[in-house]
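Come and look along with me.

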Amino acid sequence: MDFYSKTALEIGQMIKNKEISSVEVTKAYIENIKTKDKDINSFVTVLEDEALKQAEEVQEKIDSGELSSPLAGVPVAIKDNICTKDILTTCSSKMLYNFKPPYDAAVTEKIKALGGVIVGKTNLDEFAMGGSTETSYFGVTKNPFDLERVSGGSSGGSAAAVATGLVPYALGSDTGGSIRQPCSFCGVSGIKPTYGGVSRYGLVAFASSLDQIGPIGKDIKDCAEILSAISGHDKRDSTSVKGFGYDFSASFDGDVKGLKIGIPTNYYGSGLDSEVKTAVLATADKLKDMGAEICEFEMPIVDYAIPAYYIIACAEASSNLSRYDGIKYGYRSPNGESLLDVFFNSRSEGFGIEVKRRIMLGSFVLSSGYYDAYYKKGLQVRGLIKDSFNEAFEKYDMILSPIAPTTAFKIGENISDPLKMYLGDIYTVSVNLAGIPTVSLPCGYDGKGLPIGMQLIGQSFSESKLVKAAYAYQQETDFHKKAFEIMKGGCL
């Protein structure tokens with residue numbers, strides 16, 4: 001039975017209808033991972049025995065009526081910076097090569113509670129620091145559309161696994177575009193939720209004020225269902241917002257009439273690939289034909305987003321990663337005769353070059369004499385960016401923008417040029433600085449057959465409105481389906 005191109009909700013319905021069992025689905029996906037992932041490298045850990053045992057238990061609960069979630073029995077992959085009890089959680093780093101958390105992350109608990117079957121942990125840039133999954137200690141994750149190209153990052157493993165049909169859906173995390181950019185490169189859909197909408201408890205911290213967990217799926221309806229399941233207040237996360245819940249019940253009528261969508265013209269200038277620009281603006285034309293109102297405007301403050309983001313993110317990273325000292329858990333260097341030697345050698349040997357670069361930059365901007373000049377100023381710019389978005393949302397329901405300035409680039413092409421890599425985040429980091437939600441959707445393919453993605457950006461907790469527009473768009477287009485048609489006869 002060919003169900004690899006089916007959505008998670010379609011597979012869940014098949015299980016509910018007893019057309020197939022959770023065990024059969026899980027076995028099939030694990031076999032697919034064994035066959036195809038040797039070329040892609042999207043998984044760090046595959047949980048064959050554990051997943052099959054979990055599928056048996058879930059199927060019994062489905063049969064007894066104990067589990068009724070639309071996603072019950074459906075396999076899922078989890079990014080390897082999200083804690084899974086007694087299962088390796090490495091952050092794709094030598095520093096945590098043997099770390100098995102004694103607890104589940106809040107989202108892992110919720111996935112298990114709804115009957116999701118965890119088949120493995122996916123590859124990422126080390127500690128989620130990177131935009132290509134090339135900084136992983138376990139090797140680069142390749143793009144299923146072209147094995148010589150990157151899958152994006154840092155959630156490259158999750159996006160590539162969904163795109164290749166190795167799993168129906170996956171969880172990723174987004175600090176500066178880490179869900180959206182790999183979704184764009186791999187032709188799948190994703191949601192970066194409002195900051196505080198999903199608990200960060202059990203997410204290994206990169207930059208605590210920017211990190212957010214979100215779903216990656218074959219289409220936006222899958223993503224909305226997953227987000228509903230993993231969201232909500234958690235007292236263990238002090239940034240988790242109280243008193244709200246996502247309601248997508250009115251988001252699937254396929255209607256965008258009356259929606260006002262803003263197009264920030266300064267997003268479409270030099271540096272944006274012409275094919276990407278054409279595809280994203282064609283999306284605007286399509287939404288206009290469907291009844292939305294399209295308006296152009298300027299957001300010049302966003303031009304300062306990259307320096308503000310990297311100052312703030314690196315400062316928080318240098319603080320968060322100070323806990324890895326070679327003493328309590330993780331990698332410990334065998335070299336050294338003193339406590340100071342153990343600290344120094346463990347960090348020198350355990351962290352990769354990109355993580356070290358960001359720790360050093362973060363420590364510099366927080367140091368005496370430079371705090372006011374850099375970190376404080378970065379925080380002030382962050383406030384101005386948030387204000388700029390708030391002003392835009394007084395006029396528009398949402399904003400349409402590119403996700404990345406290019407399609408997937410070749411492995412090794414940018415990794416030696418950090419500045420070029422950082423500038424690839426130009427359309428995504430401002431969203432994290434403002435703490436607002438976006439949805440990522442495929443909107444075309446370039447001349448090489450590589451996917452192009454676009455994002456719809458909304459004000460805080462406007463995910464239902466974003467999903468409404470995204471669903472209507474996907475009902476009228478087939479870019480999200482083409483990916484899986486291409487995969488059937490593509491490089492794999």
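I looked up Phe127 and found that Phe127 touches Cys91, Ser93, Met95, Leu96, Val204, Phe206, Leu321, Tyr324, Phe351 and Val355, leaving out residues up to four places away in sequence; contact means heavy atoms within 4.5 Å. This is a predicted model, where local features need pLDDT of at least 70 and side-chain atom pairs count only at pLDDT 80 or more, while totals for chains, interfaces and linings use all residues. Numbering runs from 1 along each chain as its sequence is written, and side-chain values use heavy atoms, without hydrogens and water.

Next, the core. Phe127, Tyr169, Val188, Ile220, Ile230, Phe389 and Leu400 touch the most other members of the largest nonpolar core, which has 154 residues. Helix α9 (residues 305–320) gives the most to this core, with eleven residues. I noted that such a core is a set of buried Ala, Val, Leu, Ile, Met, Phe, Trp, Tyr and Cys residues joined through side-chain atoms within 4.5 Å. Buried means under 20% relative accessible area, exposed over 50%, and partly exposed in between (1.4 Å probe, protein chains only). Helices are DSSP runs of H or I with at least four residues, numbered from the N terminus.

Then I turned to Leu423, which lies in helix α13 (residues 418–423). Leu423 counts as partly exposed because its relative accessibility is 42%. I see that Leu423 touches Ile306 and Pro405, again not counting residues up to four places away in sequence. How far apart in space are Leu423 and Val117? They are 37 Å apart, C-alpha to C-alpha, and 306 residues apart in sequence.

Terms used
Helices (H or I, at least four residues) and strands (E, at least two) are DSSP runs, numbered from the N terminus.
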